[in-house]
Amino acid sequence: MNWTETEPIISIKDLHKSFGSLEVLKGISMDVMKGEVVCVIGPSGSGKSTLIRCINALNDINSGSIKVEGQEVHDPKLNKLELRKKVGMVFQQYNLFPHRTALQNIMMAPVKVLKQNPEDVRERAINLMTRVNLTGKEDSYPGELSGGQQQRVAIARSLAMNPRVMLFDEVTAALDPETVKDVLITIKDLAEDGMTCILVTHEMGFAREVADCIYFTDRGIIVEYGPPSTFFSDAKDPRTKEFLSQIL
Amino acid sequence: MGSRLIPGVHSRASTDLPVLLPYRYRGTDENGLVGFSSWLVSATPWIVPVAFALCLIWPLTALAAGYGYDDAIKALFKWLPFLFLSGFLFNILISVLTMLIGTMAGVLLGLAQITPVWIIQVAAKFATQLFRNSPWLVLLFIVLLALPFEFTIGSMIISVPDWSKAVFGLSLPIMANISEVVRGAIQSVPTGQWEAAESLAFSRRQVLWQIILPQCFKRMIPPWMNWYAILTMATPLCSLLGVEELITLSRQAIESENNHPELLVPFYSFALMIFFLYCYPIARLTIQLEKRYAVKL
């Protein structure tokens, strides 16, 4: 229970998850230390998204254990809302609230959930807009922003909760190629500031650049993992080699 | 055997591939929600004056001995203020009260349809389907007969007027249909909105009230107005319960004018016209709002 920074901030042990008769995760284990940036790559349908959705309890699990700061995520007694205050998530489809402006999107959760003072939150939200390089778009509605801009608002919205860990679920997959870069720069800045990040991504160049560790999943298991320096040049498993040869 | 038919050559197209079949209009979901309004709006506006004029002229052809066109029209105009003020306005009052009660109950029932507590959910779904699929007249009669005509508190006897039973009876199908409108609108919001809000640590109640419902509100207005128009058109059913609304009063007026058959068409076409004049603008507005609020994400 008493978690210290010498232990992994996220610790997953032998995680199993099925949707009906389809077993999506077949025994996943991974440890992420505070400040680490971890990229999860792998073919479509290999369970990458399911894996990170289990970390903030958007999906329940069948067996195994996930601990965030030493706290078991799938303990029935766990207050999911407390967990989710610590774990931010950004989605492929941005999922901004269309009836609120960009600034209101960012302010909503800290004001309504954390009950923080709206004036302080407002100031922080404006700073976050600057941080994701969207100064001047505060009063735009999501429908008036490009995909890349919406995604950066979504990142800012998540950051406004001051999470300990950020989860990114294929955040550039739905974007136009020319807007991908802005989003990746935002995430890179975040990683360099010491935020613990878990990214599911298809951007190999980006993964190589920012990740401390790369996990390759295929058919529900982790086939291979390692730091990018050795992972990309020195893959050992034939499945990893085949996947890398297809996309690099 | 059907596969030997060639589309376009034989009268009936037959193929295993649905995309090759001729497109058949089945009505879209949007029209399904405001179907009555689209139907009403599809009438050309001049149909009313024309129909009314024809109805006025009609008695000319049936000049009965001693009672003619002039007399029938005179009788109508004599009764017209009474029919409008005591009759039609009462229909409107019934429709407004019914809509008020039906909407409040319907919103609650609609929310109950999506609650995670399964027993409440099942009960709400059952009630919704039961009242949505029952004939309105049957519901009215059940309410009329099931409710007491008076009840006693201590020594006081409070009588229940028929019109309040009519309001209650009509509220049931309105409640059920509004319940479906609410459920449909909530479920039309993409699940990504729920997930995004949940991942920001909003509780389920907060997600519903602060994220989901504000997005559905506009979408619910056109079908809600559509149901109001349907309800208003249905208020003459209350005359079968003896409620003194437009149709009941028209019949009484005709009777007091010695039941001349020449009176039937002018009196009832007046009722027809006044309902149309009331509901047609509502239907037009409904269709306009429906177009304006069409889901854009």
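Met220(B) counts as buried, because its relative accessibility is 15% and buried means under 20%. That residue is a handy way into this predicted model. Happy reading!

- Met220(B) touches Val181(B), Val182(B) and Ala185(B), leaving out residues up to four places away in sequence.
- From Met220(B) to Phe77(B) the separation is 143 residues in sequence, and their C-alpha atoms are 40 Å apart in space.
- Gln206(B) also has its place in helix 9 of chain B.
- With 16% relative accessibility, Gln206(B) counts as buried.
- Once neighbours within four places in sequence are set aside, Gln206(B) is in contact with Lys112(A), Val113(A) and Lys115(A) of chain A, and with Ala201(B) and Ile211(B) of chain B.

**Helix 9 against helix 11 in chain B**

- Helix 9 of chain B spans residues 204–234 and packs with helix 11 of chain B, residues 264–292, at an angle of about 165°, their axes being 9 Å apart.
- That angle makes the two helices, helix 9 and helix 11 of chain B, roughly antiparallel, because angles over 145 degrees are counted that way.
- The crossing of helix 9 of chain B past helix 11 of chain B is left-handed.
- On the helix 9 side of chain B, the contact involves Ile221(B), Pro222(B), Pro223(B), Met225(B), Asn226(B), Tyr228(B), Ala229(B), Thr232(B) and Met233(B).
- Facing them from helix 11 of chain B are Phe275(B), Tyr278(B), Cys279(B), Ile282(B), Leu285(B), Thr286(B), Leu289(B) and Glu290(B).
- Sorted by class, this contact of helix 9 with helix 11 of chain B has 13 nonpolar residues, three polar and one charged.

**Helix 6 against helix 7 in chain B**

- Helix 6 (residues 136–146) and helix 7 (residues 162–187) of chain B pack at about 135°, with axes 9 Å apart.
- Helix 6 and helix 7 of chain B are therefore oblique to each other.
- Here helix 6 of chain B passes helix 7 of chain B in a right-handed crossing.
- Helix 6 of chain B contributes Trp136(B), Leu139(B), Leu140(B), Val143(B) and Leu144(B) to the contact.
- From helix 7 of chain B come Asp162(B), Lys165(B), Ala166(B), Phe168(B), Gly169(B), Leu170(B), Leu172(B), Pro173(B) and Ile174(B).
- The contact of helix 6 with helix 7 of chain B comprises eleven nonpolar residues, one polar and two charged.

**The six-stranded sheet of chain A**

- Six strands of chain A form an open sheet in the order 6-7-8-3-9-10, and the pairing is mixed.
- Strand 6 (87–90) and strand 10 (221–226) of chain A are the edge strands, each pairing on one side only.
- On average, and ignoring direction, neighbouring strands of this sheet are turned by 20° against each other.
- Strand 7 (residues 165–169) and strand 8 (residues 196–200) of chain A pair in the parallel sense over five bridges, and Leu167(A) has Ile198(A) of strand 8 as its bridge partner.
- Strand 3 (residues 37–41) of chain A runs parallel to strand 8 of chain A and is joined to it by four bridges, with Cys39(A) opposite Leu199(A).
- Strand 8 of chain A is mostly covered, with five of its five residues buried.
- Thr196(A), Ile198(A) and Val200(A) point one way from strand 8 of chain A, while Cys197(A) and Leu199(A) point the other way.
- Helix 5 (residues 147–159) of chain A lies across strand 6 and strand 7 of chain A, running at about 170° to strand 6.

**The four-stranded sheet of chain A**

- Another open sheet in chain A has four strands in the order 2-1-4-5, with antiparallel pairing.
- Its edge strands are strand 2 (22–32) and strand 5 (71–72) of chain A, and each pairs on one side only.
- Strand 1 (residues 10–19) and strand 2 of chain A run antiparallel and are joined by eight bridges, with Leu15(A) standing opposite Ile28(A) of strand 2.
- Helix 1 (residues 48–55) of chain A packs on this sheet and touches strand 1, strand 2 and strand 4 (63–68) of chain A.
- The direction of helix 1 of chain A makes about 120° with that of strand 1 of chain A.

Conventions: Residues numbered from 1 in each chain as written. Chains lettered and ligands numbered in written order. Predicted model: local features only at pLDDT ≥ 70, side-chain atom pairs only at ≥ 80, totals over all residues. Heavy atoms only, no water. Axes fitted to C-alpha atoms, helices over the stretch in contact; angles between N-to-C directions. Parallel < 35°, antiparallel > 145°, perpendicular 65-115°, else oblique. Left-handed = near helix turned anticlockwise from the far one by under 90°. Contact = heavy atoms within 4.5 Å. Nonpolar A, V, L, I, M, F, W, Y, C, P; charged D, E, K, R; others polar. Pairing = 2+ DSSP bridges. Buried < 20%, exposed > 50% of the residue type's maximum accessible area, 1.4 Å probe, protein only.
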